[in-house]
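Trainee: I would like to go through this structure with you, term by term. Please show me the sequence and the model.

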Amino acid sequence: VIISGFICYVLLTFIIMKEIIDKYGAFSDALISKVCYERGVEDHGKIELILNAMNMNRDGRFDKIKLTFSNILNFRFIEPFPFSSLIIYEALIFEKDETIVFNFFPQINMEENTDSEESNFRIVCKSVECELLETLE
């Protein structure tokens, strides 16, 4: 059976996104300790985040993880004094038009959270990976 590269990409992206959401949900009460952006002349860049996130599969205990976003299409990071954009209340994570959107500061409404391009911390990319660095007790 031959599967096209695009179908493999879509399937892999779905599996990775499901795994991240199953473990960490909306990253409620997560704390970002490092933000690193790299971009070369001929690539679309990458962003690495190191954060402590509650693992819902470990009774709410925290993991230290690294999220790596590749093929960055758009990102916005603003930290307006005296507030911090590194403490996550509830993120909005979704896939749209073959891109992945992580909005760490969506517009929070009573019925549902909504995406905003004016968010203080928002990443739009083609792929994301999650690596467990340490389990915290």
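Trainee: What makes S3 and strand S6 a pair, and in which sense do they run, parallel or antiparallel?

Mentor: Two strands pair if DSSP finds at least two bridges between them. Here 13 bridges join S3 to strand S6 (residues 121–135), and the two run antiparallel. Within this pairing, Asn74 stands opposite Val124 in S6. Note that this is a predicted model, where local features need pLDDT of at least 70, side-chain atom pairs count only at pLDDT 80 or more, and totals for chains, interfaces and linings use all residues. Residues are numbered from 1 along each chain as its sequence is written, and side-chain values use heavy atoms, with hydrogens and water left out.

Trainee: Which strand pairs with S3 over 9 bridges?

Mentor: Strand S2 (residues 46–54) does, in the antiparallel sense, with S3 covering residues 62–77. Ile50 stands opposite Lys66 in S3.

Trainee: How many helices and strands are there?

Mentor: The protein has 1 helix and 6 strands, where helices (H or I, at least four residues) and strands (E, at least two) are DSSP runs, numbered from the N terminus. Their order from the N terminus is α-β-β-β-β-β-β.

Trainee: Why is the protein called as compact as a globular protein of that length?

Mentor: Because its radius of gyration is 15 Å, close to the 14 Å that the globule rule gives for 137 residues. The radius is taken over C-alpha atoms, and the rule is 2.2 Å times the number of residues to the power 0.38.

Trainee: What share of the residues counts as buried?

Mentor: Of the 137 residues, 34%; buried means under 20% relative accessible area, exposed over 50%, partly exposed in between (1.4 Å probe, protein chains only).
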